Amino acid sequence: MKALLLEIARWAVALAAVISLVLMFRSAPISDADPVAVRAAATEQMDLSQVLEADNQMLRRLYGLDPAAYESIHLYYPATNMGAEELLIVKLASVDQAEAVRSAIDARLQTQKNTFDGYGVEQTDLLTNHAAVEVRGNYVLFVVSRTADQVRQAFLDAL
């Protein structure tokens, strides 16, 4: 009986080691890609005529993020109150910041959905069906656009 328990314990330890290795290698690697190049690749796939580039004050207002805490942040937000297209690219100073940025994105997306609920059919469709969030290593992308899939792919390719 003792030998059986010892054998089960050995298999459990081996399985835990394999699971740990798989999880470790599944996490996205840290990218040394230039934030300006990543932004350029993403913005090539998006019509920027309906958005404005944000300053630090607007970034704080819309997302509650302190730009000084991150290595780089690029935000394009709707040029009018009736717009929903948006692009946010963040290069994190530490991967530990990913959850805070993800939470800020989720809050922003929900705020926008609430804003257009009931009357902004086109905007609601954009926010519901054409939004993408991608956390990849030390980079985070949030895009709301009819070309969200292309923007996301260009972002990933640039990393």
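## Basis of the model

This is a predicted model, in which local features need pLDDT of at least 70, side-chain atom pairs count only at pLDDT 80 or more, and totals for chains, interfaces and linings use all residues. Residues are numbered from 1 along each chain as its sequence is written, and side-chain values use heavy atoms, with hydrogens and water left out.

## Overall architecture

The protein has 6 helices and 5 strands. These elements are DSSP runs numbered from the N terminus: helices are H or I runs of at least four residues, and strands are E runs of at least two. Along the sequence their order is α-α-β-α-β-β-α-α-β-β-α.

Of the 159 residues, 40% count as buried; the term buried denotes under 20% relative accessible area, exposed over 50%, and partly exposed the range in between, with a 1.4 Å probe and protein chains only. A contact is defined by heavy atoms within 4.5 Å. Among contacts in the protein with a separation of 6 or more, 58% involve residues 24 or more positions apart.

## Aromatic pairs

Rings of Phe, Tyr and Trp (its six-membered ring) pair if their centres lie within 6.5 Å; planes under 30 degrees apart are stacked, over 60 edge-to-face, and the rest tilted. Phe-116 is buried at 1% relative accessibility, whereas Tyr-119 is partly exposed at 49%.

Tyr-139 and Phe-155 form an edge-to-face pair, with 6.2 Å centre to centre and 75 degrees between the planes. Because Tyr-139 belongs to strand 5 (residues 139-144) and Phe-155 to helix 6 (residues 148-158), the pair ties together parts that are 16 residues apart in sequence. Tyr-139 is buried at 0% relative accessibility, and Phe-155 is likewise buried at 0%.

## The loop residue Ser-145

Ser-145 is located in the loop between strand 5 and helix 6. With a relative accessible area of 3%, Ser-145 is buried. Leaving aside residues up to four places away in sequence, Ser-145 touches Met-46, Glu-85, Leu-126 and His-130.
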